[in-house]
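Here are some friendly notes to read alongside the model. Please keep the structure open as you go through the points.

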Amino acid sequence: MNSEEILKKIEQALNKAKVEFNEKINEKNLDEIYKNYLGKNSLLNNILRGISDYEPEIRKNVGLSVNAAKSQIEEIYKNLKEQLKADNNPAGSSLRIDMSLPGVKIEPFHTHPITAVLNDTVDFFSSMGFEVVEGPEIETTHYNFDALNIPDNHPARDIWDTFYLKNGFIPRTHTSSVQVRTMETRKPPLRVIAPGRCYRYESVDATHLFMFNQVEGLFIDKNARLSDLKGILEATVKHLLGAKKTRFRPAFYPFVEPGLDLDIECVFCHGKGCSVCKSSGWIEVIPCGMVHPKVFEYAGINPAEYKGFAFGMGFDRLVMLKYNVNDLRLLYSGNMDVLNQF
Ligand code: DAH
């Protein structure tokens with residue numbers, strides 16, 4: 001090899017080392033690259049070892065450029081090693097902290113509207129002697145359907161567009177699944193509410209998401225009456241939505257008899273008819289009813305001894321009505337410009 005060729009080889013080795021160091025590195029391959037280029041058997045050290053074979057006039061040049069390449073590689077290796085150490089231990093690093101940078105502005109605490117209305121709801125029901133209970137979000141079809149008098153293959157199951165998991169469980173389609181669980185573990189009389197997330201196989205639009213919040217209520221006592229249900233739910237919509245006019249309509253839900261829907265006069269047009277209430281002047285807010293004797297039987301409670309009522313509020317919808325939000329997706333967007341308006 002003539003001197004030009006040797007110098008080119010040295011330069012190539014240096015460039016290759018730089019490229020390799022530049023690629024994503026970890027502790028282990030960093031040391032490997034180092035060994036390849038500066039180890040005993042590396043090209044650069046082999047050139048140095050054989051330097052006496054070269055003509056005296058090119059020895060000096062070769063020696064100088066090998067040593068320059070070696071110290072460059074050494075330097076890069078040292079820096080990367082230190083950086084790696086800093087990455088693993090950011091607190092102790094002097095490399096990472098730039099004291100001249102402006103600080104991070106901490107925004108004041110802000111409660112999400114859904115959480116705010118939920119807290120208000122819990123407080124309101126607590127004041128009437130209700131306790132908060134919870135159930136699992138991943139449910140058995142027994143608690144979500146069968147124990148609520150919705151047998152397998154019954155057409156009523158179609159009302160709930162259900163996701164089915166491979167292991168036979170389902171993400172609950174409503175918080176009504178907490179009813180029988182609660183009745184099985186506590187002795188009546190009962191006054192409970194069960195807030196939580198529910199899931200349905202829905203196509204997403206302004207008023208539907210595949211995940212949403214409900215608050216279930218259950219009231220059981222020896223002489224619970226339909227008038228108790230009416231009184232409590234009317235007070236609830238008055239408190240939460242400022243509703244002045246309400247009405248109950250008959251409705252069908254397999255786990256209650258009779259089943260009802262509580263409507264409030266449209267809060268937007270005050271009964272005149274608008275796009276939100278679809279010109280009816282009324283908005284449906286709380287489905288409810290008297291607990292079906294079959295449900296009591298599933299839970300091991302004697303329906304001749306106890307009566308009760310239940311209700312299930314679509315909670316996100318309540319928040320939309322309260323704050324006049326026309327797209328549910330906004331509430332879950334995490335967009336601070338939206339959230340700061342509440
Ligand atoms: N679970 C029902 C749903 O998601 C709502 C419901 C209706 C709950 C009537 C109740 C009730 O407790 O009594 O569609």
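1. Helix 5 crosses helix 8 in a right-handed way; a crossing is called right-handed if the near helix is turned clockwise from the far one by less than a right angle, and left-handed if anticlockwise. Helix 5 covers residues 113–126 and helix 8 covers residues 226–241, and the two pack at an angle of about 140° with axes 11 Å apart. That angle makes helix 5 oblique to helix 8. Here angles under 35 degrees count as roughly parallel, over 145 as roughly antiparallel, 65 to 115 as roughly perpendicular and the rest as oblique.

2. Before going further, a word on the source: this is a predicted model, in which local features need pLDDT of at least 70 and side-chain atom pairs count only at pLDDT 80 or more, while totals for chains, interfaces and linings use all residues. Residues are numbered from 1 along each chain as its sequence is written, and side-chain values use heavy atoms, with hydrogens and water left out.

3. Which residues bring helix 5 and helix 8 together? From helix 5 come Val117, Asp120, Thr121, Phe124 and Phe125, and they meet Ile232, Ala235, Thr236, His239 and Leu240 of helix 8 (contact means heavy atoms within 4.5 Å). By class, this contact of helix 5 with helix 8 has 6 nonpolar, 3 polar and 1 charged residues. Ala, Val, Leu, Ile, Met, Phe, Trp, Tyr, Cys and Pro count as nonpolar, Asp, Glu, Lys and Arg as charged, and the others, Gly among them, as polar.

4. Now look at helix 1 (residues 3–22) and helix 2 (residues 27–38), whose axes come within 10 Å and cross at roughly 175°. This makes helix 1 roughly antiparallel to helix 2. In helix 1, Ala13, Lys16, Ala17, Glu20 and Phe21 meet Leu30, Ile33, Tyr34 and Tyr37 of helix 2. The classes in this contact of helix 1 with helix 2 are 7 nonpolar, no polar and 2 charged residues.

5. Helix 2 also packs with helix 4 (residues 56–88), at an angle of about 170° and with axes 11 Å apart. Helix 2 is therefore roughly antiparallel to helix 4. Among the residues of helix 2 in this contact are Leu30, Tyr34 and Tyr37, and those of helix 4 include Ile73, Tyr77 and Leu84. By class, the contact of helix 2 with helix 4 has 8 nonpolar, 1 polar and 5 charged residues.

6. Please turn to the ligand next. Of the 16 residues around it, His174, Ser176, Arg200, Gln214 and Glu216 come nearest (a residue is near a molecule if one of its heavy atoms lies within 4 Å of it). A polar side-chain atom of Arg200 is 2.8 Å from an oxygen atom of the ligand, and one of Glu216 is 2.7 Å from an oxygen atom of the ligand. Phe311 has a backbone N or O atom 3.2 Å from a ligand oxygen atom.

7. Where are the cis peptide bonds? One runs from Pro188 to Pro189, with omega near 5°, and Pro189 is found in the loop between helix 7 (177–185) and strand 4 (190–199). Another runs from Glu257 to Pro258, with omega near 0°, and Pro258 is found in strand 7 (residues 256–265).

Methods. Axes are lines fitted to C-alpha atoms, for helices over the stretch in contact, and angles run from 0 to 180 degrees between N-to-C directions. Helices (H or I, at least four residues) and strands (E, at least two) are DSSP runs, numbered from the N terminus. A polar contact is a pair of N or O atoms within 3.5 Å; within protein, one must be able to donate a hydrogen and the other to accept it, and residues adjacent in sequence count only if both atoms are side-chain atoms.
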